[in-house]
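Hi,

Here is the structure I promised to pass on.

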Amino acid sequence: MTPLGREIARMIALDGPVTVERYMALCLSHPAHGYYMTRDPLGLEGDFVTAPEISQMFGELVGLWAAQVWLDIGAPSPFRLVEFGPGRGTLMADALRAVRAAPGFLEAVSVDLVETSPILTARQQATLAAATVPVRWLRDVSEVPDGPAIYLANEFFDALPIRQFVRAAGGWRERLVGLGGENGLAFGLAPDADPTITVSGREGATLEWQATGNAVMSDIARRIVSQGGAALAIDYGHLRSGLADTLQAIKNHAFTDVLAEPGEADVTAHVDFAQLGAAARAQGARVHGPTSQGAFLRAMGIDARAQALSTARPDRAAEIEAARMRLTGDGEEHMGALFKAIAVTAPDGPAPPGFDAVTG
Ligand code: SAH
C-alpha cells in the first residue's frame, strides 16, 4: 500500500467509509501525499501529455481566441486573464505570444494563475519568468479580484473530485470507499438511498455529480454576467450526461486500478459538459458549444498555423503535422473528438471565435 493508502485506511477504520469525492480529493490534493502536490505529472517522462505540451499551436490558438474575445467585449483596460490549473505554464506562455495580434492587449492585461500545486507553481514561475505582463498566483477563483476577465481552463475540470451514485433497488446510493479487497480498499455503497435524486436509471447504473466543477463554473459564469468577460474550457468528456462510471486512474501513460495506488496515480473523471453548461446558464450566462476540440481548433485556424510553421521549419514539418493530427484527429489515439470545448459569455455577447457555427 502507498503511504496515502495507509492513511486513508486509518481514516476509514476510525470514521467509516469515505465518499468517492473525498477519496478523489485526498488522492489528488492531500497536502503531503496528494498526486499533484508531490510531482509534475506532465510530459513524456510523466504520466500523461496534455495539448499545450504536444504543440505550441494549441496555446497560440487559445491566445488568439482570448485576443478576439477581448476585442469583442470592447477591449476593456485593465482586465484579467485567468487560467485554472496551468500545468507547466506552457499554454499561457504560448498564448501571451499570440495575443500580440491584438494591439493594446498586453498593455491592458494582468495574468492570474489559479493553482494548488507548489511543484507546478514553481514550474510555471520558471516558464513565465520572462513574461512582460504582471503574473500572480492564486489558490482559488474566489481570490480573483473583481473586474472584466477572460477565463481559461484546459484539463482542469477533470481533475476535480466528483460524487458517484449507483442505482439500487431502493434508489440512488452514494458510492463509497471502505476497507477490503486485495489492495486494502474496496468500493461499497451507502446504506441508504439519497432521497433528493429523482433521475431514473436501471439498476446498477452510475450517476456522476461533479459538485466541485459545477461550483467553479457557476462562480465563473456569475462573474462574467456581472463584471464582463468570457470563459473557455477544454477537457476530456462527454456532451450529454450519461449513466456510466467514468472514474479512472492513469500512471505512466496507462490505466491502473483506481484504488491500487492512491497518491501515485492520476485519478480523473470525464467532464460532463451538460452539467457545466447548466451551471453557467443558471447564472444567466450564455453557453456556446460544447463542440469537439478538433472542430474548435480547425475553426481557430490550426491548419493554416501548421502550414506556416512547416514553411518556416521544413525540417520539422513531419513533427508539426503529427501534432496537428494528434490535437484534431477523430481516432481513439487522437484528441480531436474525445476532447470537447465549451465557451461562456454574457447573455448579450457575440458568439466567441471557434463557436460561430455551434452556438446553442
Ligand atoms: N492545464 C495544464 C495542466 C493540466 S493538469 C495543461 O493542459 O497542461 C491539471 C492542473 O490543475 C495542474 O496544474 C494541477 O496542479 C491543477 N489543479 C488540480 N486541482 C486543482 C485545484 N483544486 N485548484 C487549482 N488547480 C488545480
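Below are my notes on the ligand site and on one residue elsewhere in the chain.

First, the ground rules. This is a predicted model, where local features need pLDDT of at least 70, side-chain atom pairs count only at pLDDT 80 or more, and totals for chains, interfaces and linings use all residues. Numbering runs from 1 along each chain as its sequence is written, and side-chain values use heavy atoms, with hydrogens and water left out.

Now the ligand. There are 15 residues around it, and Thr50, Gly85, Gly87, Glu115 and Asn154 come nearest (near means a heavy atom within 4 Å). The side chain of threonine 50 has an N or O atom 2.5 Å from a ligand oxygen, and the side chain of glutamate 115 has one 2.6 Å from a ligand oxygen. Glycine 85 uses its backbone instead, with an N or O atom 2.7 Å from a ligand nitrogen. On its own the ligand has 570 Å² of accessible area, and the protein covers 93% of that (Shrake-Rupley method, 1.4 Å probe).

Then there's alanine 341, which is found in strand E16, residues 339-345 (strands are DSSP runs of at least two residues, numbered from the N terminus). Alanine 341 counts as buried because its relative accessibility is 0% (buried means under 20%, with a 1.4 Å probe and protein chains only). Leaving aside neighbours within four places in sequence, alanine 341 is in contact with residues including Leu232, Ile234, Pro290 and Phe355 (contact means heavy atoms within 4.5 Å).

Cheers

Key: Polar contact = N/O pair within 3.5 Å; in protein donor to acceptor, adjacent residues only side chain to side chain. Helix = DSSP H or I, 4+ residues; strand = E, 2+ residues; numbered from the N terminus. Buried < 20%, exposed > 50% of the residue type's maximum accessible area, 1.4 Å probe, protein only.
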